[in-house]
Amino acid sequence: MMFKTTRDIDNLLKKHDSYREGCLNLIASENFASQKVRNYLTGDLGNRYGCYATHNPAEREYSGNKYIHEIEMATQALVKDIFKADYVDLRPIGGHMAGMSVVLGLLEPGDQVIEVSLSDWGHGLVGPMCQVRQFDETINVAYMAFDENRGVDVEKLKAQARELKPKMIIFGGSGTLFPEPVKALRPLADELDILIAYDASHVTGLIAAGVFPNPLSEGADIMFGSTHKSFPGPQGGFVASNNHDLMVKVGNTLSPSLVTSHHLNRLPALAASILEMKEYGEDYAKQVVKNAKALAVALAEMGFNVQGKGMGYTESHLLLMELGDYVDTAPGKLLEEAGILCSDDFSGSSPEVRIGTPEVTRKGMKEEQMPVIAQFFKRALIDKEEPEALAKEVESFSRQYIGIEYSF
Ligand SMILES: *Cc1c(COP(=O)(O)O)cnc(C)c1O
């Protein structure tokens, strides 16, 4: 198919919207931005250039930027405020680019990094870069160990750091269940001159709302992430720190190396979503975590091997479930056929699904609805009901929750 008219485009978009409304979205990296936030994305700024040189917008010059400059500065001020950071850079257009700017800006050839492995739901900021030979052949990477509850194994990490003397430790991944031991590593980082970076992509919204520790307050040197996962903003990225020198290096790497047009229409949308979070963020984030815990308990009661049991399953917006007893292939496709959207992984010893509660929480679900969701998982994966028939029930359930809460 090739689009011939804009009506073709509209029709396909309508199908998409209707399809997604009928799905139960438990993808932990997605969220549902309010209409007000979405509307800001369509404004004039989507066609404008901001000045992209220098980390500090106050020093930037670009023709026609009289108000763009003010918009960028005022949005930066909001981001500094919610993360209690002295410096932020909003030019990364996503969390990945934000992470790349930190890794490329602060590391030199021959440096050693410790990060979260892909098999532990790491994003692999350094590891998979082996596709880029210049990088693979100059930066060494090792992976931190996790314990039986899927939290970082602090003692092993300390021993590994003493042995490898890395230039940087990157905490945070796509499967974070519990706060990472940033505070516990700080004294050793000072002793060995290690930079602590924190990839907050997933937990940005929980940090902004104060229901998850702020890594910068706990001693991380630099933090970066996405603005669209547990944080219900437009897609985008940021870097934040209290260290001016680090931010200058990262900023000079972002531009001119990684980004020039930085998609300015994100900024008013981001500002609106931060204002929204200031008003409703705490209630939203507390409910997200309550829902994740309630869903974990309900799934465990049905016989699923929910991870992190010894620590109460989760303190974040997501839970992890090992499925080795029920499936031997990727469960994501089967769940998708049943109208349940979530992420799977089979790089570890057992196929696993990651289930996130941000979007269903925004759409109005509370603890009472979590056993209903758990039942759908049981029917799909344990009882192996026919997925198309189940999808109809999942759809009528999901369509009851299409409002948006915690928003303007
Ligand atoms: C999603 C994710 C990223 C990348 O963020 P984008 O906004 O998709 O570019 C980086 N790190 C982690 C841990 C993530 O989960």
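**Sheets and ligand**

Colleague: Over how many bridges do β2 and strand β8 pair?

Modeller: This is a predicted model, so local features need pLDDT of at least 70 and side-chain atom pairs pLDDT 80 or more, while totals for chains, interfaces and linings use all residues. Numbering runs from 1 along each chain as its sequence is written, and side-chain values use heavy atoms, without hydrogens or water. Strands are DSSP E runs of at least two residues, helices H or I runs of at least four, both numbered from the N terminus, and two strands pair if DSSP finds at least two bridges between them. β2 and β8 (residues 237–241) run antiparallel, and their bridges number 3.

Colleague: Which residue in β8 is the bridge partner of valine 88?

Modeller: Strands of a sheet pair through backbone hydrogen bonds, either parallel or antiparallel. Facing valine 88 across the bridge is alanine 240.

Colleague: Which are the edge strands of the sheet with 7 strands?

Modeller: This open sheet has mixed pairing and the order β2-β8-β7-β6-β5-β3-β4.

Colleague: At what angle to β7 does helix α4 run?

Modeller: Angles go from 0 to 180 degrees between N-to-C directions, with axes fitted to C-alpha atoms, for helices over the stretch in contact; contact means heavy atoms within 4.5 Å. Helix α4 (residues 95–106) lies across β5, β6, β7 and β8, and its angle to β7 is about 155 degrees.

Colleague: On to the ligand: how much of its exposed area does the protein bury?

Modeller: A polar contact is a pair of N or O atoms within 3.5 Å. A backbone N or O atom of histidine 96 is 2.8 Å from a ligand oxygen, and a side-chain N or O atom of serine 201 is 3.3 Å from a ligand nitrogen. Accessible areas use the Shrake-Rupley method with a 1.4 Å probe. Alone, the ligand exposes 380 Å², and the buried part of that is 85%.

Colleague: How many charged residues does the shell around the ligand have?

Modeller: Asp, Glu, Lys and Arg count as charged, and the residues surrounding the ligand include Asp199 and Lys229. The shell has no nonpolar residues and 10 polar ones, while the charged ones number 2.

Conventions
A residue is near a molecule or strand if one of its heavy atoms lies within 4 Å of it. A polar contact is a pair of N or O atoms within 3.5 Å; within protein, one must be able to donate a hydrogen and the other to accept it, and residues adjacent in sequence count only if both atoms are side-chain atoms.
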